[in-house]
Amino acid sequence: MKMQLKLLLILIFSGFTAWSQVEFDARVSKETLGVNERLRVDFEMNQDGDNFRPPSFQGFTVVGGPNQSISKQWVNGRASFSKTFSYFLQPNATGKLKIGQAEIDIDGTTYKTLPVEITVTGAVDVPKDPNDPAVAAAENVHLVAEVSKSDPYLNEAFTVVYKLYVSRETSVTGWNEVEAPKFSDFWNQSIDEKQFKIYDGSYNGKPYRYVILRRTLLYPQKTGELTIEPLALNINVEAPTNRRDIFGMRILRPAQIKVSAPTRKVKVKPLPEAGKPESFTGAVGTFDFDVTASKTKLDAQEALDLTISAKGNGNLKLFNLPKPKLPSSLEVYEPENEQDIRVSVNGMSGKNAQRYTIVPQQKGNYPIPPINFSYFDPATEQYKTLSSDEIIIDVENGPATLAQNNNKVPVEAQKQFSYIKSEANLISKNQESFFGSTIFWTMLGTPVLLIPLVIFFGRKRREYQNDIKGNRLRKADKLARKYLGDAKKNLGDQTAFYLALEKCLHNYLKARLNIQTSEMSKERISQLLQERGVAVETTASFLKLLESCEFARYTPASSVAMQHDYNQASQVISDIDKQL
């Protein structure tokens with residue numbers, strides 16, 4: 001009988017242990033896929049946890065998620081729980097890729113999934129579903145790069161314009177950049193559009209609408225055939241399917257696609273060697289040249305400014321101005337650069353100048369010979385040289401004349417000896433003894449007085465550490481503040497912003513209402529907040545924020561909407577703090 005009882009206890013204990021063991025796994029829809037296919041990865045746990053942290057998904061682009069689902073079942077008197085975070089990934093390249101470890105906190109312990117290795121092959125044939133909106137969208141959305149000049153000279157300006165063409169049956173609700181050209185062989189300046197404007201145009205002979213996403217000004221820094229890398233975007237669209245509603249209109253369904261502008265090449269011509277002047281320093285464009293002196297008559301030891309400037313349209317930031325040749329008796333300081341340059345689709349325009357400070361040392365006339373400035377004009381394909389006029393610096397008075405004209409100032413001789421002091425401030429060598437002094441008794445008594453304070457604060461510290469429930473609530477409140485800060489940092493990044501904002505709201509509820517994530521239904525939250533005396537309007541605003549976080553997983557949100565939700569979250573949390 002005792003043996004049977006022991007076996008029964010062992011079975012019950014082992015069954016309880018197996019039931020309570022935490023499981024946190026990563027599962028993928030396929031381990032081998034083509035570079036043009038998508039992958040689903042699920043992070044599943046059998047107990048509720050907090051602060052889920054996904055891997056970086058290096059080598060992939062997240063095209064969907066995170067989607068969260070919770071399942072509770074009760075079968076034959078036994079409860080089961082399952083919580084899953086799902087992501088949809090698009091591989092960026094072929095080869096062996098690895099999905100890293102995800103992390104989550106469950107009952108104060110951090111659990112991690114095992115890494116999963118994925119093999120990505122070349123593009124494969126994917127069956128096209130005529131009702132799949134992504135298929136229709138890919139045929140009706142195109143990104144192109146238009147180059148203003150395919151054969152520029154070295155350092156000659158040209159532009160590349162990125163246009164997004166969309167058919168009239170398809171609408172775009174938002175996009176984000178996933179791959180940007182680096183322009184490694186060009187000096188470049190992006191000129192972003194302040195306001196997007198829709199134009200009517202055609203693509204492959206069919207009517208389309210298009211919008212100019214970006215204009216980039218380029219100055220080639222190498223000769224030969226250069227490559228302009230493509231721009232790639234993830235685009236949210238609503239595309240028509242083959243299904244129709246009861247009125248005969250095509251049904252639109254949302255989809256997300258990746259589009260890329262084709263790679264463009266330009267052939268950069270070298271500047272001609274024939275007729276290249278010695279004064280040429282790399283200027284390409286059309287310029288005016290000027291040399292001015294702040295004054296031409298002065299005395300020795302006075303300073304004047306000599307300014308050399310080139311004005312016009314061209315590569316103003318990419319060449320050196322000529323240096324003046326000055327007599328050795330003129331002291332010259334290092335020049336100061338002065339630039340007033342504007343960048344537009346027409347290139348750089350403005351002024352590039354250098355100001356030299358010159359100080360003559362002797363009397364006399366000092367000529368500054370003409371300075372030559374040469375540039376290459378792409379319009380005429382010829383070199384042009386501009387020369388300044390000769391400048392004469394007239395130094396009227398030298399150092400000797402200046403010294404004679406200066407008034408002499410008498411200098412009082414210093415006293416070599418001082419009188420012997422009749423009174424001295426002497427300090428006694430007999431110092432007061434440390435023992436028995438005020439400092440001695442203060443240092444002796446202070447530790448005795450501090451003992452009760454140490455005991456008091458030690459007791460408070462132990463009470464604080466033993467308050468498990470309070471510590472958990474304080475930790476949740478701290479996490480809520482942290483994630484609200486993370487949401488502010490990620491304004492503009494929809495996925496990261498709403499993920500941080502949702503974590504902030506959940507941790508705030510844990511800290512204020514002492515509930516777990518699995519209990520956070522809208523009805524339960526509304527009931528608890530109103531029982532605690534929170535106003536109905538404040539409760540409705542809090543629930544609306546939770547809905548915004550849920551909708552953000554499926555619909556795009558603008559920067560204005562994200563800023564509004566962040567301000568609303570700060571205000572609602574402040575209102576609840578005042579009302580609780």
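This is a predicted model: local features need pLDDT of at least 70, side-chain atom pairs count only at pLDDT 80 or more; totals for chains, interfaces and linings use all residues.
Q: How many aromatic pairs does the structure hold?
A: Rings of Phe, Tyr and Trp (its six-membered ring) pair if their centres lie within 6.5 Å; planes under 30 degrees apart are stacked, over 60 edge-to-face, and the rest tilted. By that rule, the number of aromatic pairs in the structure is 22.

Q: What kind of aromatic pair do Y165 and Y210 form?
A: Their ring centres are 5.1 Å apart, with 35° between the planes. The two residues come from distant parts of the chain, 45 residues apart: Y165 sits in strand 12 (158-166) and Y210 in strand 16 (206-220). Strands (E, at least two residues) and helices (H or I, at least four) are DSSP runs numbered from the N terminus. The geometry of the Y165 and Y210 pair is tilted.

Q: Which residue forms an aromatic pair with F287?
A: The pair is edge-to-face, at 5.5 Å centre to centre and 80° between the planes. F287 belongs to strand 21 (280-293) and its partner to strand 28 (372-377), so the pair ties together parts 88 residues apart in sequence.

Q: Which residue of strand 12 is the bridge partner of V144?
A: Strand 11 (141-147) is mostly covered, with 6 of its 7 residues buried. It runs antiparallel to strand 12, joined by 7 bridges; two strands pair if DSSP finds at least two bridges between them. Across in strand 12, the bridge partner of V144 is K163.

Q: How many disulfides are there?
A: A disulfide is counted when two cysteine sulfur atoms lie within 2.5 Å. The sulfur of C504 has its closest cysteine sulfur in C549, 8.9 Å away, which is too far for a bond. Both cysteines are buried, C504 at 0% relative accessibility and C549 at 2%. The disulfide count is 0.

Q: Which helices are included in what covers the buried residues of helix 7?
A: Helix 7 (522-531) has I525, S526, L528 and L529 as its buried residues. It is followed by G533, whose phi is positive, near 95°. The cover over those buried residues includes helix 6 (494-513) and helix 8 (536-551).

Q: What distance does helix 9 reach from its first C-alpha to its last?
A: Helix 9 (559-579) has 21 residues, and its buried ones include M562, Y566, V572 and I576. The expected span of a helix is 1.5 Å times one less than its number of residues. That expectation is 30 Å, and the model comes close to it, with a reach of 30 Å.

Q: What percentage of the protein chain counts as buried?
A: The secondary structure of the chain comes to 9 helices and 30 strands. Of the 580 residues, the share that counts as buried is 36%.

How values were computed: Residues are numbered from 1 along each chain as its sequence is written. Side-chain values use heavy atoms; hydrogens and water are left out. Buried means under 20% relative accessible area, exposed over 50%, partly exposed in between (1.4 Å probe, protein chains only). Contact means heavy atoms within 4.5 Å.
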